[in-house]
Amino acid sequence: MHPGAWLTWALCGGTAATLTTNPFYLLPLGASAWVVYAAHHRRDHPAGLSFRVFFLFALAALAVRTLLVLLGPVDAGTVLNSFLEGLRLAVMLVIFGAFNAVADPYGVLRLAPRRFYEAALAAALALSLAPRTIAAVTRVRDAQRARGIEVARYRMLPALAVPVLENGMEDALTLAESMDARGHGRGRRSRYRPLPWTRASVLCAVVSLVALTAFASAAVAGDPTLVPSMFPPSWPEARSPLLAAASLLALPALLRASS
Amino acid sequence: MSAVVLDRVTFTYPERDRPVLSDVRLELPEGVFALVCGPTGAGKSTLLRLANGLVPHFSGGTFAGRVMAAGRDTRSCKPREMADVVAFVPQDPGSSFVLDRVEDEIAYGMENLGVQPRHMRRRVEEMLDLFGLASLRDRSVRAISGGERQRVAIAAALAPGARIVVLDEPTSQLDPQGAEDVLAALQRLVHDHGMTVVAAEHRLERIAGFADVAVLVEGGTARADEPRSILGRVDLGPPVARLGAALGWSPLPVTVREARRHAAARPPVAPPAIDRPSPGDVLMRAEGASYSYGGRVAIDRVDLEVRAGEAVALMGRNGAGKTTLLRLLGGMTTPTEGRVLSDGAAPRTGRDVALCPQEPESVLFRSSVREEIEATPGAQTDRVLDEFGLTDLSALHPRDLSAGQRLLVAAAAVAATGAPVLLLDEPTRGLDPEAKERLVASMRRRASAGGAVVFATHDVELVASAATRVVMLAAGQVVAEGSPEEVLGDSAVFAPQTTRVFGPGWLTPDQVIASVR
Amino acid sequence: MRALRIPLLAAANLVGLAAFSWPFVAPALVSMGGRGDVLLVTIALFLCLGALLFVELGRGALGAKQVALLGVLGAAMVALRLPGFIAGFSAMFIVVLVAGNAFGPAFGFLLGATGTFASGLFVGGLGPWLPFQMVAVGWVGLGAGLLPGRGRRGRLAALALYGAVSGFLFGVVMNLWFWPFAAGSSALGWAADAGFTGNLKRYAAFYLATSFGWDAARAAGNVVLVLVLGHPLLASLDRAARRMQLDVTAPILEADEEPAGWPRPRSDGRGVEESPDSRGQDAGERPRRGDPWKVPQKADRLRLGGGKGETVG
């Protein structure tokens with residue numbers, strides 16, 4: 001799947017979620033996100049696990065959001081209202097959790113417009129050098145321990161930080177030379193194996209936009225079911241077109257990423 | 001037509017008073033394998049970087065004269081404008097990679113040049129085939145072996161269309177197999193494709209046989225000549241060339257094969273017994289020590305004794321368990337089975353034993369050599385500076401020193417713990433012969449003072465000259481153990497050049513030269 | 001060149017500030033329309049910010065040296081963010097503080113933004129908060145580059161003080177944009193009808209109740225790390241800047257006459273594709289645009305720019 005398709009999906013889903021506090025819209029949105037996560041998350045990469053972290057954050061946000069209201073005057077309406085606002089935040093988190101679990105980070109960086117090329121390249125470098133840096137930290141800590149210096153003591157932190165930074169600076173010098181010698185900054189660029197907008201990717205983006213359009217036009221038209229009043233508390237109503245729109249965001253789960 | 005021409009080149013680095021190279025005139029024809037050699041700090045790296053304009057455009061400094069590569073003048077072409085005529089491969093390819101996947105890394109240079117995507121695709125495939133990398137195309141450049149990394153770096157530098165390849169110490173960081181693969185690939189470029197290869201190296205025994213031209217960089221100048229007239233210099237050449245020079249062989253051999261022809265004419269003499277002081281008390285021992293992690297057995301029931309006065313070499317291919325064994329001996333990890341004992345108890349890191357890691361830079365964090373030694377708890381700074389021959393350098397910043405000097409500083413900082421057993425992990429990677437000599441000298445001093453040294457290495461010539469005992473590891477087990485002449489003498493892979501010329505029992509040129517006199 | 005960049009950077013940051021402080025700006029706008037409009041205003045503001053940063057970052061190309069440094073230091077930020085945090089404190093900030101201080105405000109801003117983006121990608125933390133985080137961490141780096149302070153002690157003292165202040169300000173700014181979502185209609189929450197001062201009071205109460213302690217840990221952590229690591233790290237970065245010759249835009253090429261019998265330059269490149277277009281055109285004549293912390297100096301003789309950059313050392 002093209003990373004742009006996933007980005008469209010997440011932005012549309014996230015925006016749709018911010019437009020409503022109706023649990024009958026929010027829960028299908030969250031469920032769609034879960035289905036997409038289950039179908040497409042990357043199993044080979046730790047970021048594939050981030051969905052769980054996001055889910056925990058979502059639960060925490062819901063709890064904190066509901067409890068915050070206890071600081072003011074309390075009645076059933078305020079508590080419910082605040083619970084639903086918390087739910088909105090939680091669903092947004094779940095949608096982006098799914099996005100992080102399905103999209104390839106290097107692919108996301110390749111979405112950067114051409115004028116952002118250098119900044120995106122720097123971020124890609126940071127991404128690919130990070131494991132090397134983490135390994136360097138372990139190596140330096142061991143090396144210092146082997147001469148009797150325990151870097152865990154904060155006074156000895158320079159014994160850990162300085163070699164890691166100095167080695168990094170030497171790497172930066174080599175890297176810059178190598179980039180320069182391979183034509184970095186010549187001003188003309190082409191792209192090797194550009195990511196294809198496959199039929200599945202186009203479909204994913206289109207259904208996401210359709211779902212958002214449904215929510216946005218309802219918001220503009222002042223649809224009362226989007227933000228149901230809890231004063232007095234009442235069972236919220238839902239309209240089927242918006243229910244369908246929320247469920248539409250689950251459709252990418254059925255698409256084969258490669259088709 | 002010449003590939004690279006230097007005409008009256010003088011170059012001074014910024015903030016330096018004296019030029020590193022002055023009035024250099026040099027001409028390298030197309031389609032040769034040129035080997036650049038010379039002592040550390042003489043300007044080999046500078047010379048290589050002149051070819052594509054990294055010097056002076058990247059380095060800054062003052063430049064006079066001119067350099068032409070494939071017809072382009074580096075005064076008017078910046079390095080990035082030379083990308084399609086000169087491929088530059090730095091010493092540590094691991095830190096030169098820009099992207100993550102092998103295939104993308106190879107395409108990166110062409111993307112910068114705006115090459116059409118379909119041309120790029122074809123060219124990447126050609127490069128993958130040329131360097132035998134097709135099976136690695138989707139792998140991360142961080143997750144492949146050293147030799148593979150070096151080949152990816154060469155492919156990535158060549159991909160934009162260059163026909164001149166400039167390499168800074170292409171094999172110094174590699175194990176023997178990786179080095180072999182890289183040199184074979186470079187030779188193919190010269191023989192089959194008519195490209196020009198310019199490579200700087202310290203360790204000449206592997207690469208000497210490949211060179212068509214040697215360039216000696218020394219004393220601020222450089223000259224190109226036939227390899228044997230330059231490699232015959234005693235302090236510079238591979239062991240066979242030193243032998244040939246001492247024994248008056250002509251023409252001077254630069255490979256084992258050439259040397260054997262000369263040696264065949266000599267009547268065989270029995271090798272003299274090598275006189276080694278008998279080892280003293282046991283300082284530490286491993287008893288049935290095993291170490292496994294993640295279901296993989298890295299060390300498998302190893303028994304080993306280290307005695308006072310010994311210099312023990314650990315050898316074996318990459319992944320055989322050398323580093324893990326050193327970590328066990330150093331008390332950095334505890335064996336999952338069996339035990340490691342020093343004085344009847346588990347070794348105390350920094351007290352009974354100290355370990356100098358594979359990247360000596362990992363320990364350097366102070367701003368002068370003296371401070372660096374003082375940072376080690378309990379250091380007797382002056383004694384250690386003297387033992388490692390660092391007294392003259394004590395005021396300098398460790399990071400301003402050469403790779404060899406840095407290693408000595410790191411080893412000294414580690415040895416300053418006063419621990420009787422010193423462990424060194426691949427101490428000679430990237431060292432020039434002079435730094436190697438100094439390291440061997442301090443190892444000997446340490447051993448004769450009642451300590452012991454254990455070092456892991458691929459460098460057979462170092463083992464031949466410095467080790468009192470060799471332990472050969474394979475798949476975590478000890479497969480051979482004994483004196484260097486026993487273990488290396490009948491090895492197909494690990495025999496030093498002198499052994500290959502004269503047979504088992506002969507280890508170093510010095511031994512041969514002494515027996516002739 | 002630099003004169004042009006500062007207003008642009010300032011303008012981008014002003015818009016960023018506006019984007020962060022939308023809860024204060026919005027009430028005035030809300031009186032004209034409904035709630036949905038507030039969101040639209042935020043999004044519009046962010047689009048403006050994005051466009052301006054876009055122009056700022058994309059002006060000319062960052063050189064290989066700058067990209068390499070951003071990558072390596074960004075990787076350090078990622079690595080330091082991973083082991084987690086003690087309340088609001090993350091060791092990541094020390095990198096932004098010292099690098100911003102050593103390499104100048106523009107570099108500090110870029111590093112904060114790209115490093116944060118990379119760590120978001122690395123841990124899988126992409127979301128609508130990321131642009132805000134990028135800008136806020138970018139500001140920490142930018143401020144570190146603008147600090148006064150001479151000599152080792154002066155520089156460290158200024159940086160430590162700034163570490164504390166920025167530790168709190170970062171929290172103030174980061175809480176602001178989602179405060180209306182987080183606190184909703186509670187007494188600490190944003191209210192469309194509370195007016196500017198009313199909302200300011202509500203925000204102050206919200207901040208004190210939820211974030212003050214959290215941010216105090218960040219401020220204290222920053223101070224401790226600057227005091228323990230500031231000097232050696234700054235010394236390392238200054239050395240690296242010298243070794244990489246960041247401040248040299250062009251080498252000194254001494255003129256000489258054409259040697260006799262010199263081979264004539266070939267006019268064709270032997271590229272895979274085409275011959276290079278820019279060959280021989282701009283070799284060292286003018287410093288490239290977009291190197292954020294270089295100041296070219298007046299050329300003397302054939303000396304083309306160079307000399308000491310103002311931010312290094």
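Colleague: How much area do chain A and chain B bury between them?

Modeller: The size of an interface is often given as the accessible area lost when the parts come together. In this predicted model, about 4700 Å² is buried between chain A and chain B, with 52% of it on carbon and sulfur atoms.

Colleague: How many salt bridges does the rule find across the interface of chain A and chain B?

Modeller: The rule finds 11 across this interface. A:Arg147 forms a salt bridge with B:Glu372, and their closest N and O atoms are 3.0 Å apart.

Colleague: Now to chain C. At what angle do the axes of helix 5 and helix 8 of chain C cross?

Modeller: The axes of helix 5 (residues 92-103) and helix 8 (residues 151-176) of chain C cross at roughly 130° and come within 11 Å. Because of that angle, helix 5 of chain C is oblique to helix 8 of chain C.

Colleague: Is the crossing of helix 5 and helix 8 of chain C left-handed or right-handed?

Modeller: The crossing is right-handed. Helix 5 of chain C makes the contact through residues including C:Phe93, C:Leu97 and C:Val98, and helix 8 of chain C through residues including C:Leu159, C:Tyr162 and C:Phe170.

Colleague: How do the residues of this contact between helix 5 and helix 8 of chain C divide?

Modeller: The residues divide into 7 nonpolar, 3 polar and 1 charged.

Key:
Residues numbered from 1 in each chain as written. Chains lettered and ligands numbered in written order. Predicted model: local features only at pLDDT ≥ 70, side-chain atom pairs only at ≥ 80, totals over all residues. Heavy atoms only, no water. Axes fitted to C-alpha atoms, helices over the stretch in contact; angles between N-to-C directions. Helix = DSSP H or I, 4+ residues; strand = E, 2+ residues; numbered from the N terminus. Parallel < 35°, antiparallel > 145°, perpendicular 65-115°, else oblique. Left-handed = near helix turned anticlockwise from the far one by under 90°. Contact = heavy atoms within 4.5 Å. Nonpolar A, V, L, I, M, F, W, Y, C, P; charged D, E, K, R; others polar. Buried area = accessible area lost by both parts, 1.4 Å probe. Salt bridge = Lys/Arg side-chain N within 4 Å of Asp/Glu carboxyl O.
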